[in-house]
Amino acid sequence: MTGMALLFLLGCAFFPLCFAVFCWGLQNQTSLRMERQEAVLVASKLVSSVQAIMASTAGYIVSTSCKHIIDDQHWLSSAYTQFAVPYFIYDIYAMFLCHWHKHQVKGHGGEDGTPRALGSTWAVVRGYLHKEFLMVLHHAAMVLVCFPLSVVWRQGKGDFFLGCMLMAEVSTPFVCLGKILIQYKQQHTLLHKVNGALMLLSFLCCRVLLFPYLYWAYGRHAGLPLLSVPMAIPAHVNLGAALLLAPQLYWFFLICRGACRLFRPRGSPPRSPCQTQD
């Protein structure tokens, strides 16, 4: 229990400290000298990318080390989970900070950058929760539901599956880079198009197709065909997988819609079959 608490406290210090260091560097590095609002946005994406690289690396080590997908264990599966939980709490705040600065840039703050009134502050909070509701809900579920289940309910079983789930973060650096390029209006560049293609491919493989793969892996272990696996496992496992998959499908739809617009030939009509109604 002491080790678990230490890892949790280490995560509580690590992610905010990384954010503060990135912000300071982006604002004070001679060749960058970013404004505060720019530094906050870029720093938050850098921290998310750092976390994603660590999570996917840990996931790869765990999943490739577990030959028996049910019983084999790896210390990284529980250690990294305990360390990474504070990230989701931090990221809720970081996303709000980005939203706050965007609101200030649009001229809704006072002359000194502070909100004009308490009502304006609550308006920013409501706007943030409305815009990022699904992401906030996802992060809250990771902390309040997925973390307790992975630590207590699993009882040391299924490290292979947890490792595969951690590898879902492979797509996150591409998502973060895409948002930074959009912030700097670089949608026309080759880098943005290449990054968009990599984001689409990595999201499809590591977040959407991940769930059929996990069912297939269990079926192979149990000697069952893929289509028989849902009937052979407890209903609450199927429900949990469906709840985790649902937001991934929604975000993948948004990525596909953006990709259709990104790669649409210049001079083509503003609407195309791959576009959807906004």
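Modeller: Let me begin with axes, which are lines fitted to C-alpha atoms, for helices over the stretch in contact, with angles running from 0 to 180 degrees between N-to-C directions. This is a predicted model, in which local features need pLDDT of at least 70 and side-chain atom pairs count only at pLDDT 80 or more, while totals for chains, interfaces and linings use all residues. Residues are numbered from 1 along each chain as its sequence is written, and side-chain values use heavy atoms, with hydrogens and water left out.

Biologist: OK, and how many helices and strands does the protein chain have?

Modeller: The protein chain has 11 helices and zero strands, where helices (H or I, at least four residues) and strands (E, at least two) are DSSP runs numbered from the N terminus. Of its 278 residues, 39% count as buried, meaning under 20% relative accessible area, with exposed being over 50% and partly exposed in between (1.4 Å probe, protein chains only).

Biologist: At what angle do the axes of helix 1 and helix 2 cross?

Modeller: They cross at roughly 135 degrees, and the two axes come within 8 Å. That makes helix 1 oblique to helix 2, since angles under 35 degrees count as roughly parallel, over 145 as roughly antiparallel, 65 to 115 as roughly perpendicular and the rest as oblique. The crossing is right-handed; a crossing has that name if the near helix is turned clockwise from the far one by less than a right angle, and is left-handed if anticlockwise.

Biologist: Which residues meet there?

Modeller: Among those in helix 1 are F15, F19 and F22, and they meet a set in helix 2 that includes S44, V47 and M54; contact here means heavy atoms within 4.5 Å. The residues of this contact divide into 15 nonpolar, three polar and one charged, where Ala, Val, Leu, Ile, Met, Phe, Trp, Tyr, Cys and Pro count as nonpolar, Asp, Glu, Lys and Arg as charged, and the others, Gly among them, as polar.

Biologist: And how do helix 5 and helix 11 pack?

Modeller: Helix 5 and helix 11 (residues 235–262) pack at an angle of about 150 degrees, with axes 13 Å apart, and are therefore roughly antiparallel to each other. Their crossing is left-handed. The contact involves residues of helix 5 including H138 and W153, and residues of helix 11 including P247 and W251. By type, these residues are nine nonpolar, three polar and no charged.

Biologist: Switching to the core, which residues touch the most other members?

Modeller: In the largest nonpolar core, which has 44 residues, those are F19, V47, Y80, Y90 and F160. Such a core is a set of buried Ala, Val, Leu, Ile, Met, Phe, Trp, Tyr and Cys residues joined through side-chain atoms within 4.5 Å. Helix 3 gives the most to this core, with 11 residues.

Biologist: What is Y90 in contact with?

Modeller: Leaving aside neighbours within four places in sequence, Y90 is in contact with F15, P16, F19, S44 and V47. There is also a second, separate core of six residues, including M199, F203, V208 and W251.

Biologist: Next, Q82: is that residue buried or exposed?

Modeller: Q82, which lies in helix 3, is buried, with a relative accessible area of 9%. Not counting residues up to four places away in sequence, Q82 touches M4, L7, F8 and F147.

Biologist: Where does I69 lie?

Modeller: I69 is in the loop between helix 2 and helix 3, yet at 8% relative accessibility I69 counts as buried. The C-alpha atoms of I69 and Y218 are separated by 7.7 Å, although these residues are 149 apart along the chain. With residues up to four places away left out, the contacts of I69 include F160, F161, Y218 and H221.

Biologist: Last topic, backbone: what is the phi of Q155?

Modeller: Most residues other than glycine have a negative phi. Q155 is not a glycine, but has a positive phi of about 55 degrees; Q155 sits in the loop between helix 5 and helix 6 and is exposed, with a relative accessible area of 67%. K185 also has a positive phi, near 55 degrees, and is found in the loop between helix 7 (172–183) and helix 8 (190–208), where K185 is exposed at 64% relative accessible area.
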